[in-house]
Structure formats: structure tokens, C-alpha cells
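We will go stop by stop.

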Amino acid sequence: MQATDPGDVLDAAFVVVPAYNEARVIRDVVEGLATAFPNIVVVNDGSSDDTEEILRGTPAKVITHPLNLGQGAALQTGITFALKRGAAYVVTFDADGQHRVEDAVSAVRLLAAGGCDVVCGSRFLDTASNVPPMRKFLLKAAVAFANATSGAHMTDVHNGLRALNRKAASCLNISQSGMAHASEIISQLRKHDMAIREIPVRIVYTEYSMTKGQSSLNAINILFDLVIGRFLK
Amino acid sequence: MTFKFFLIAVLIGFLFYLLLLPRLDTLRKGVIFLLVLTMLLFVIQPDWSTTVAHQVGVSRGVDLLFYLSHLLLFFVAFAYYLKFKKMEARLTKLVRQLALERAWTEP
């Protein structure tokens, strides 16, 4: 089946960018996305810097959490907003500039071609992403955990670049406000039998994205959150 | 001897406070009441705690109380942690609702 015109596909997509204190790079990220996507939603997660002010005058729609809640909560807010606005596809995209717009475009195109409900980016399918060794070890551990608990077959779960169709995005109800949401998203998608595909994406490890990214020690917190999450169900 | 009287006074004070607490269901009230009564008993007759300790294979009464109080405190801390997490989830919903209502779109 011939996919719909690519231009239309991107018009029906909403890109959700969770941002916390990203004043330095957020404008470039939004402007980069705007070259391909008309609908950009930045969820300003209670930033204490001038992330919000910098976004005025950009094409982004801005939702501001009055308090900092965490990336998981910000994603859910953005997804809820996108669905309310009638998004056919929802793309999640990190605010620190580590993703490439062309990867987001190919994810949406692949999704629109049908055959799957979710397209996840994987840095491990890409040979040019230079993942630092310690980071690689922890990410692989997270992947093993998510696969074991959800029955998925992923190669990368903590990748901020995902594209979901409307059906898949509606399945999500992220309760892990912090970084444990990455595993939670996969398990919720699996629970609703959403077909997940991975595509290689390039992660640009800049000095900025490395300092903004999670500390490797946070892996312990994530594991703890996931275990506690079971008690709250 | 004086410390004993101090403890008894505090525990009895707590009992009265407990009876006056309005927002606590009868079951919880009952459990705490029994707990405080047991504590009172052990304060008045410390030897009884040793007798109980021997029954469960602990040599000294104070040791048994020490273990039990640790377990209790751990349980209380955990219960509060879960409560805190639930509160956080409610706060998240509230903040999200507020943020969505105030969302600004391009000029």
C-alpha cells in the first residue's frame, strides 16, 4: 500500500519535547524540528532558568508545569495535550539536542507506512553513535530488565526518540514521573499488544548533553522506583 | 525509679491523646491502644519482657523490644513512603491539569 503523502504525515504528527532548564539549547532544537514538523509541543517542566521566555516567538506550543515533576510526567502531559489536539502521531524528542530531526522524520514515515504502532530509536543499531562504555553497560542492563519484565525484544529502552500512532499513545498512562518511565512505557505498550519496531538513530553525545543527561548512579534510583511502582498498583 | 514514672506519665498521656483523636478508624485506634498498653505493662514489670523473650528464643527482654521496635519503625517508614508516593501522583495530576489549562500556543 502506498503511504500517504509524506508532507501530510508530518503535519499530523505532534513532537513532544520535555524540557527542564534547557535555555541554552531549546531554541535550536525547536527551530531544527520546525523545519520538518509544524506541531511542536514543549513541556517546560518547572524550569528555573528562562526556558519559557526563550520559547516565545518560536513555533512551539508551550505547556509549563508550575512545579518540576520529572521527565516521565512531562512526557505524559505533552502526550495528553497532543491527543487532545487530534494528533495522529506523537513523537517524543529530547530537549538537549542529542537527537537528529531526520531520525524523527524517518520514524514517523515508517509508522505511517503501517505494520507497527510504535517506532523506537535505538542507538545500538547505529554504528556511528559513540556510546561511552559505562553508559553502554547501564543502558544494556536497563534493556535486559525491560525485556525480562515485559517480554519485549528491544535493543535500547532509554532512548528519548519514539514515534507512536494515536492508538499506541492513548495506551500510555505514565505514572513514573522520574526516569523509570522508559521501562514503564515499554511495559504499557506491550500490555496493550502494540507492535514495536526499532530503527537505528544517531545520538549526538555533546559535552552539553552529557552534563545534562542522567548521572549513571541514577540507575539505582530507577530500579528502586520500578520495584516500588509494583506496590502502588 | 524516676525514669519509670516519667515513661508511665508519657504513655498515659499518649493514651488520652489517642482516645481524643477524631480522625482515626476504630481498628487502628484499637491496635495502637493495645500496643501502648503492652508498653505500659513492660515499663511497670520489665521482667515480663524477658519471660516473653525467652519464649521466642531471645535472651534479653530489651533485645526483643529493640528488634520489635525496629521492625515497627521500618513498617511505619515504608507506609509513609507509599503514602508520599501516592500524594506525589495526585500532585502530578493537579499540576498537569493546571498546565494544560494554561498552555499557550503560538502568537
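**Stop 1: A180(A)**

Start by selecting A180(A). Beyond residues up to four places away in sequence, A180(A) touches G72(A), I222(A), D225(A), L226(A) and G229(A). Here two residues are in contact if their C-beta atoms, placed from the backbone, lie within 7 Å. A180(A) sits in the loop between α7 (166-171) and α8 of chain A. Helices (H or I, at least four residues) and strands (E, at least two) are DSSP runs, numbered from the N terminus.

Is A180(A) buried or exposed? A180(A) is buried, because 25 other C-beta atoms lie within 10 Å. A residue is buried if 20 or more other C-beta atoms lie within 10 Å of its own, exposed if 12 or fewer, and partly exposed in between, with C-beta atoms placed from the backbone.

A word on what you are viewing. This is a predicted model, in which local features need pLDDT of at least 70 and side-chain atom pairs count only at pLDDT 80 or more, while totals for chains, interfaces and linings use all residues. Residues are numbered from 1 along each chain as its sequence is written, and chains are lettered from A and ligands numbered from 1 in the order in which they are written.

**Stop 2: H158(A)**

H158(A) belongs to the loop between α6 (133-150) and β6 (162-165) of chain A. H158(A) is partly exposed, with 19 other C-beta atoms within 10 Å. Leaving aside neighbours within four places in sequence, H158(A) is in contact with L139(A), A142(A) and A182(A). Now pick T92(A). The C-alpha atoms of T92(A) and H158(A) are separated by 12 Å, and the two residues are 66 residues apart along the chain.

**Stop 3: α6(A) and α8(A)**

Show both helices. The axes of α6(A) and α8(A) come within 10 Å and cross at roughly 25 degrees. Axes are lines fitted to C-alpha atoms, for helices over the stretch in contact, and angles run from 0 to 180 degrees between N-to-C directions. The two helices α6(A) and α8(A) are therefore roughly parallel. Angles under 35 degrees count as roughly parallel, over 145 as roughly antiparallel, 65 to 115 as roughly perpendicular and the rest as oblique.

Which residues make the contact? From α6(A) come A142(A), F145(A), A146(A), T149(A) and S150(A), and from α8(A) come S183(A), I186(A), S187(A) and R190(A). By class, the contact of α6(A) with α8(A) has 4 nonpolar, 4 polar and 1 charged residues. Ala, Val, Leu, Ile, Met, Phe, Trp, Tyr, Cys and Pro count as nonpolar, Asp, Glu, Lys and Arg as charged, and the others, Gly among them, as polar.

**Stop 4: two positive phi values**

Most residues other than glycine have a negative phi. Select D193(A), where phi is near 55 degrees, a positive value in a residue other than glycine. D193(A) is in the loop between α8 (181-191) and β7 (196-200) of chain A. D193(A) counts as exposed, with 8 C-beta neighbours inside 10 Å.

Then select N21(A). N21(A) is not a glycine, yet has a positive phi of about 50 degrees. Look for N21(A) in the loop between β1 and α2 of chain A. N21(A) counts as partly exposed, with 17 C-beta neighbours inside 10 Å.

**Stop 5: α2(A)**

Move on to helix α2 (residues 26-34) of chain A, whose buried residues are I26(A), V29(A), V30(A) and L33(A). Look down the axis of α2(A): the buried residues fall within an arc of 95 degrees, so they line one face of the helix. The arc is that of the directions from the helix axis to the C-beta atoms. These buried residues of α2(A) pack against β1 (13-19), β2 (39-45), α3 (51-55) and α5 (101-112) of chain A.

**Stop 6: chain B**

Colour the two chains separately. The contact takes 16 residues from chain B and 18 residues from chain A. The side of chain B that touches chain A has 8 nonpolar, 2 polar and 6 charged residues.

Finish on α3 (residues 46-55) and α4 (residues 61-101) of chain B, whose axes come within 7 Å and cross at roughly 75 degrees. Helices α3(B) and α4(B) are therefore roughly perpendicular to each other.
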